[in-house]
Amino acid sequence: AILVVEKETVFQRIVRVAPSHPILSTCVIITGCGYPDVGTRAFLHRISGQNRSTPVMGLVDWNACGAHILSQYVSLLLP
């Protein structure tokens, strides 16, 4: 699974607990530190395209900015 995290601080917290967590330890965890830059989008597009059955999950704020950030990532994953 791939977990995309909006906030850098949340990303850091998840990375600290991931090695001992039964689910997170099997995930690729990435962040764009807010709005995704070109490198982050390209990386997600590449790793998600290698196996289309790999689930991609997003962890973003529940507001308009979070929805827009999530839509940036979703647009990469649509065929």
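**Sheet, helices and surface of the predicted model**

Cys33 is exposed, at a relative accessible area of 51%. Burial classes follow relative accessible area: buried is under 20%, exposed is over 50%, and partly exposed lies in between, with a 1.4 Å probe and protein chains only. Cys33 sits in the loop between S2 and H2. Its phi is near 55°, a positive value in a residue other than glycine. Most residues other than glycine have a negative phi.

The model is predicted, so local features need pLDDT of at least 70 and side-chain atom pairs count only at pLDDT 80 or more, while totals for chains, interfaces and linings use all residues. Residues are numbered from 1 along each chain as its sequence is written, and side-chain values use heavy atoms, with hydrogens and water left out.

Secondary structure elements are DSSP runs numbered from the N terminus: helices are H or I with at least four residues, and strands are E with at least two. Three strands form an open sheet. Their order is S2-S1-S3, and the pairing is parallel. Two strands pair if DSSP finds at least two bridges between them. Strands S2 (28–31) and S3 (56–59) stand at the edges. Each has a single partner strand, so one side of each is left without a neighbour in the sheet. Neighbouring strands are turned by 20° against each other on average, direction ignored. Axes are lines fitted to C-alpha atoms, for helices over the stretch in contact, and angles run from 0 to 180 degrees between N-to-C directions.

Strand S1 spans residues 2–5 and is joined to S3 by four bridges. Four bridges also join S1 to S2. Ile2 has a bridge partner in each of these strands: Val56 in S3 and Val28 in S2. The side chains of S1 point in two directions. Ile2 and Val4 point one way, Leu3 and Val5 the other way, and all are buried. In a regular strand the side chains alternate between the two faces of the sheet.

Helix H1 (residues 8–17) touches S1, S2 and S3, and its direction makes about 160° with that of S2. Helix H2 (residues 38–50) also touches S1, S2 and S3. The direction of H2 makes about 155° with that of S2.

Val28 is found in strand S2. Val28 is partly exposed, with a relative accessible area of 37%. Beyond its neighbours within four places in sequence, Val28 is in contact (heavy atoms within 4.5 Å) with Ala1, Ile2, Leu3 and Ile47. The C-alpha atoms of Val28 and Ser71 are separated by 19 Å, and these residues are 43 apart along the chain.

Ser48 lies in helix H2. Ser48 is buried, at a relative accessible area of 4%. Leaving aside neighbours within four places in sequence, its contacts are Ile2, Val56 and Leu77. Ala42 is found in helix H2, with a relative accessible area of 45%. Its C-alpha atom and that of Ala1, 41 residues apart along the chain, are separated by 17 Å. Phe43 is also found in helix H2, and its relative accessible area is 41%.

The structure holds one salt bridge. Here a salt bridge is a side-chain nitrogen of Lys or Arg within 4 Å of a carboxyl oxygen of Asp or Glu. Asp61 forms it with Lys7, the closest N and O atoms being 3.2 Å apart. Asp61 lies in the loop between S3 and H3, and Lys7 in the loop between S1 and H1, so the pair ties together parts that are 54 residues apart in sequence. Asp61 is partly exposed, at 28% relative accessible area. Lys7 also counts as partly exposed, at 35%.

Leu70, Val74 and Leu78 make a nonpolar surface patch of about 240 Å². Patches are made of residues with over 30% relative accessible area and no salt bridge; like charges are joined within 9 Å, and nonpolar side chains (Val, Leu, Ile, Met, Phe, Trp, Tyr) within 5 Å. Accessible areas come from the Shrake-Rupley method with a 1.4 Å probe; for residues, only the protein chains shown count as cover. Val74 lies in helix H3 (residues 64–77). Val74 is partly exposed, with a relative accessible area of 38%.
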